[in-house]
Amino acid sequence: DFRFFIRGNLAHTDILIVTVDEKSIREIGRWPWNRKTLAELVRQIHLGKPKVLGIDIMLSEREISESDALLAHAMKGGNTVLATGFFVTPGQKKPQNVFVPDFLPDHSILNIRDFKLIKPVEAENVLSPLPELAENTVLGHVYYQPDTAGVLRHEILYLKYADEFYPSFALQVSRIALGLKMQDLTVYPLKGVKLGETFIPTDANGNGRMQINYLGKEKTFEYISASDVLKGNIPHKVFKDRIVLLGTSAIATYD
């Protein structure tokens, strides 16, 4: 904590956050928005050709077929990452038979070295996006473990569910931003994760925990209101070749 304090904030222009904030809810309407509105928001962002769009919103429940299909179409292209919820109860014995959606293993890690040394966080259930959304996107888990004081100091780069290992939302966003395939991601249990030519160190106990190098306090990154995107107030070129994260920040929805 003290090292962050004396270092101060670091500038970073590659990352842009589109947020459903109080202004967005006031201008567009109560949250959650219908899928047609969300599809248009995603479409407008993709028109700017970002490197990757990470959507940190759970999309596990159906609305109506037409709206869900519109959203699925807006996400086509292979550079959209969706948040996927895994349920973890530390210390609980994992059930022998768990439900695994047919599409889920397609998003698992392919390369794990020294398999017997891995001691991952294990999930007992999953809340996955709709199948038609998963088919057009990449999935990443959003499970996290705050410290005893409630401070989030570590990222869980991968966890285990059933017989597969799944990368985190952040790791998937990074992989796509670097133009890499799943084959370019390798787990070394006691050392870290190799992403292309980049090596990300983790704790030496095989659980995939990475200490987060925060770039600064809240609002260090550039934030854009989702309503401004929907109303056409933001030029598409603002998104070009950037890592765009879409989520919520309004008090009633705060993530």
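Modeller: What follows is a walk through some of the salt bridges, pair by pair. The model is predicted, and a search of the whole structure finds eleven salt bridges. Side chains of opposite charge can pair when their charged atoms come close.

Start with glutamate 66 and lysine 36, whose side chains meet in a salt bridge at 3.8 Å, N to O. Glutamate 66 belongs to helix α4 (residues 65-74) and lysine 36 to helix α3 (residues 35-47), so this pair ties together parts that are 30 residues apart in sequence. Glutamate 66 is partly exposed, at 49% relative accessible area, and lysine 36 is partly exposed too, at 40%.

Helix α3 also holds a pair of its own: arginine 43 and glutamate 40 are three residues apart in it, about one helical turn. Their closest N and O atoms are 3.0 Å apart in a salt bridge. Arginine 43 is partly exposed, with a relative accessible area of 39%, and glutamate 40 is partly exposed with 27%.

Next comes glutamate 132, which forms a salt bridge with arginine 62, the closest N and O atoms being 2.6 Å apart. Glutamate 132 lies in helix α5 (residues 131-135), while arginine 62 sits in the loop between β2 (52-55) and α4, so the pair ties together parts 70 residues apart in sequence. Glutamate 132 counts as partly exposed at 22% relative accessibility, whereas arginine 62 counts as exposed at 54%. These two residues also belong to a network of salt bridges that links Arg35, Arg62, Asp68 and Glu132.

Conventions. Residues numbered from 1 in each chain as written. Predicted model: local features only at pLDDT ≥ 70, side-chain atom pairs only at ≥ 80, totals over all residues. Heavy atoms only, no water. Salt bridge = Lys/Arg side-chain N within 4 Å of Asp/Glu carboxyl O. Helix = DSSP H or I, 4+ residues; strand = E, 2+ residues; numbered from the N terminus. Buried < 20%, exposed > 50% of the residue type's maximum accessible area, 1.4 Å probe, protein only.
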